[in-house]
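Here is a short briefing on one protein model. It is grouped by topic for quick reading.

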Amino acid sequence: KSSVQTVGEEQIQNPYTELLVLKGHQDIVRFLVQIDDCRFASAGDDGIVFLWNAQTGEKLFELHGHTHKITAIAPFSSSDAFEEKKHFIITASADRTVIVWDCSSGRQVQKVSCFHSTVKCLTVLQRLDVWLSGGSDLCVWNRKLDLLCKTSHLTDAGISALVELPKNCVAAAVGKELIIFRLSDSNSECEGWNVLEVKRLVDHQDNILSLVSVNDLTFVTGSHVGELIVWDALDWTKQASECNFWESSVHPDVQPEIKLSQSPNETSVQHLTSDEECVFAAVGKGIYVYNLQMKRVIACQKTAHDSSVLHIEKLPNRQLISCSEDGSVRIWELREKQQLPAEPVPTGLLVVWG
């Protein structure tokens with residue numbers, strides 16, 4: 001018998017409870033990032049960045065500065081040991097600019113407008129004190145927003161997602177391919193940096209939409225046709241592969257629903273986030289919890305939003321936030337699953353979505 005339960009009227013207890021629906025955006029919400037234990041930011045097609053209080057749902061700041069939709073966002077903090085730790089976010093837009101914002105004041109700190117194409121992804125490498133932008137090429141920047149180096153033009157499709165790997169490497173999604181780059185500091189005195197392509201992985205059948213680092217040993221990728229691949233972060237070998245992994249959440253006693261065709265949006269792995277044990281996947285309108293050790297879905301909520309879920313992010317205190325094409329941001333809380341006397345919960349059933 002399947003240990004997966006979905007949320008329905010007949011279910012007595014519902015450990016994953018929707019706490020708040022936050023409204024403010026005027027268009028599709030595509031991105032969520034945690035700033036610290038108390039705050040997170042959301043951004044999307046209206047070009048506005050909202051900063052929220054994660055506990056109360058209160059809107060803290062509206063950040064106006066971009067003239068087109070937001071295409072990437074990344075948080076980072078100052079690493080100066082002599083002053084109080086400051087939190088920033090960096091945003092990219094279809095207006096071909098990148099802006100650094102101070103999360104305490106909501107003010108613009110810096111702005112860069114030298115891009116020839118839209119930046120599709122951003123990631124900050126705190127250990128190297130640099131940040132990367134991906135689009136038609138991969139650029140390396142220092143904290144002052146000086147361009148240190150960049151790759152030659154990759155493809156018209158460009159880099160859609162980036163994730164940091166051990167040993168100064170990053171994995172970049174370029175269409176169906178996963179390209180591993182290594183960063184090297186050639187001369188620390190004049191900040192000479194190099195980006196070297198070291199490997200191409202062509203195991204996906206369709207475009208890779210999301211990458212997530214699980215720990216120092218593992219990262220996971222998800223594609224447009226619902227593939228989920230688990231990789232070794234050190235030697236980049238494939239550890240496990242799933243396709244339509246969420247279908248294991250269907251109860252075996254229930255007659256499967258007949259569908260003439262599935263929309264690509266229903267099977268597309270739009271976004272991934274993780275903890276040490278599980279990968280949380282946004283697939284279609286639902287959110288699925290895939291246990292890496294057990295190699296199967298252990299819980300799901302098939303209709304977390306009215307439209308496709310585009311981004312999910314973990315918060316402290318067993319909370320999760322999600323955003324969607326429906327323009328809403330939702331905060332969820334995980335409560336412990338109680339043992340039901342009539343139906344003992346099998347080992348490994350950690351969460352149920354609601």
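**Briefing: contacts, strands and a cavity**

Setting aside neighbours within four places in sequence, W231 is in contact (heavy atoms within 4.5 Å) with L178, L201, D203, L217, T218, F219, V220, T221, W236, T237, K238 and Q239. This is a predicted model, in which local features need pLDDT of at least 70 and side-chain atom pairs count only at pLDDT 80 or more, while totals for chains, interfaces and linings use all residues. Residues are numbered from 1 along each chain as its sequence is written, and side-chain values use heavy atoms, with hydrogens and water left out.

- W231 belongs to strand β20 (residues 227–232); strands (E, at least two residues) and helices (H or I, at least four) are DSSP runs numbered from the N terminus.
- W231 has a relative accessible area of 1% and is therefore buried; buried means under 20%, exposed over 50% and partly exposed in between, with a 1.4 Å probe and protein chains only.
- T221 is 10 residues from W231 along the chain, and their C-alpha atoms are separated by 8.0 Å.
- W236, one of the contacts of W231, sits in the loop between β20 and β21 (238–243).
- W236 is not a glycine, yet has a positive phi of about 60 degrees.
- W236 is also buried, with a relative accessible area of 12%.

**K167**

- K167 lies in the loop between β14 (161–165) and β15 (169–174).
- The phi of K167 is positive, near 60 degrees, in a residue other than glycine.
- K167 counts as exposed, at 58% relative accessibility.

**A72**

- A72 is part of strand β6 (residues 70–77).
- Its relative accessibility is 2%, so A72 counts as buried.
- Beyond neighbours within four places in sequence, A72 is in contact with F31, I90, T91, A92, V119, K120, C121 and L122.
- F31 is 41 residues from A72 in sequence, but 7.4 Å away in space, C-alpha to C-alpha.

- β8 (residues 98–102) and β9 (residues 108–112) pair in the antiparallel sense over 4 bridges; pairing requires at least two DSSP bridges between two strands.
- V100 stands opposite Q110 in β9.
- The hairpin of β8 and β9 has 5 residues between the strands, and G106 in the turn has a positive phi of about 80 degrees.

**The four-strand sheet**

- An open sheet of 4 strands runs in the order β10-β11-β12-β13, with antiparallel pairing.
- β10 and β13 (147–150) are the edge strands, each pairing on one side only.
- β10 and β11 run antiparallel and are joined by 5 bridges.
- L125 has V130 as its bridge partner in β11.

**The cavity**

- The structure holds 1 cavity of 30 Å³ or more. On a 1 Å grid over the protein atoms alone, a cavity is a set of points where a 1.4 Å probe fits but cannot get out, and lining residues have an atom within 4 Å of a point.
- The largest cavity has about 60 Å³ of space; volume is the space filled by probe spheres set on the points, with grid points joined across faces, edges and corners.
- Its lining consists of F76, V124, L125, Q126, D129, V130, W131 and R143.
- β10 (121–125) and β11 (130–134) are the elements that give two or more residues to this lining.
- L125 and V130, bridge partners, both line the largest cavity.

Note on methods: 1 Å grid on protein atoms, 1.4 Å probe; cavity = no way out; pocket = protein on both sides within 12 Å on 5 of 7 lines; lining within 4 Å.
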